[in-house]
Amino acid sequence: MTPSFGKVLRKEFFLKDGYVPLNHGSYGTYPKILRDRHHHYQAQAEENPDRFYRREMFPLLDANRAALGKLMHCDANDLVFVTNATSGVNSTVRSLMTTPGDQLICFSTAYNAVASTLDYVRDTYKINVITVQLDYPLSDDDVLSKLSAAIQEADGPIKLCVMDAITSVPGVRFPYERACALLREYGILSLVDAAHAVGQIPIDLSASDPDFFVTNCHKWLYTPRGCAVLYVRKQIQYMIHPALINASYKHHNGPNENVSSFQDEYNWPGTCDFSSFLCVGDSLAFIESLGGLDAIQAYCHRLAVEGGQLVAEILGTEVLENEEKSLTMNMANVRLPIAKSHPRFSDVKLTDVLIDKMLYDEDCMGSPYFHNGQWFVRLSAQVYTDLDDFKAIGHALKRVCESL
């Protein structure tokens, strides 16, 4: 392992001493060095609110969008800030899916808030939602075959496909680049819920060419929470409006109008705290100080693979992975030695019991979940964790499972 990573970096974050933090994927955390920058932008807003909000903030937003455009290989004018991936998915789906009878395709592994958003448009606008069942472990070819079959079996055209870049549970890589290419062949719009993507895997939007792509910066890019970015392909920006309509709203009949309101509609969701958006450049500077994203991703991926295997050995189980080893990025998914049905707890209750025992009895955290008839835990590798953390949580999980 790289000497500059691991517990030696724990002191650079606000994490409590003694806590074993292997759940970075859920909420993220930012380094101490960013707190002064975060507070600096908040102080600017308080020192002269009119000057900051009317004049000085928007050039700062532009600079941070430009930094993300460079990182994600796209035009910064095709990016807008949103507070989280759920917000970006909502504004996209609720702008597009409003005609009764339209069809949308998604996957059984969709994040719960995204799945509820699709339920909302189904119930409100009488949309037909086609769900592709994914029971991992699956190869990338298997996933694409299932998607292709669902498209071909659909009764009529499909307007939109909603997919992940890295699913939440199980925390596995989804072949979204290949899926986007397949969808283009059928004339289906693609929306990638990439909540876990930026910072965890390389992103090249010019190559993958999705229609819509939304990713959280406060997870794997180390910004303060409430920072995400939504990409919309330029030619279809006229279709999309934010979930919160502001004074810049404008209806567009098509892509050929001379004036776009895309940036104006998203740049001002009303008076709020924009400081997390303004920390992107500072987060990228922190990343560079550690050797850059390539070094971070290599360390975290290697640690996830080795740490996941170590935990599986402690528990006497296995890691959720396919033959191609394409599922694990920086999160390992390890099966827990728990029966499919517990005699005392429902699935929802057992999830809460596992979380409480980890948090309060063992002072550690991984994300437990039920998938494909089995219980798993998702363990996030980060620059401030090492194999000792995986060993510690492995033994803690063994005690927890034996206590049930």
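This is a predicted model: local features need pLDDT of at least 70, side-chain atom pairs count only at pLDDT 80 or more; totals for chains, interfaces and linings use all residues.
Residues are numbered from 1 along each chain as its sequence is written. Local features need pLDDT of at least 70, side-chain atom pairs count only at pLDDT 80 or more, totals for chains, interfaces and linings use all residues, and side-chain values use heavy atoms, with hydrogens and water left out.

Helices (H or I, at least four residues) and strands (E, at least two) are DSSP runs, numbered from the N terminus. Seven strands form an open sheet with mixed pairing, in the order E2-E8-E7-E6-E5-E3-E4. Two strands pair if DSSP finds at least two bridges between them. E2 and E4 are the edge strands, each with a single partner strand, so one side of each has no neighbour in the sheet. On average, neighbouring strands are turned by 20° against each other, direction ignored.

Helix H3 packs on this sheet, and the direction of H3 makes about 115° with that of E2 (angles run from 0 to 180 degrees between N-to-C directions). The table lists the strands that H3 touches (contact: heavy atoms within 4.5 Å).

| Strand touched by H3 | Residues |
|---|---|
| E2 | 79-82 |
| E7 | 212-216 |
| E8 | 228-232 |

H3 (residues 49-72) also packs against helix H10 (residues 280-289) at an angle of about 45°, with their axes 8 Å apart. Axes are lines fitted to C-alpha atoms, for helices over the stretch in contact. H3 is therefore oblique to H10; angles under 35 degrees count as roughly parallel, over 145 as roughly antiparallel, 65 to 115 as roughly perpendicular and the rest as oblique. Asn 64, Ala 67, Leu 68 and Leu 71 of H3 meet Val 280, Gly 281 and Leu 284 of H10.
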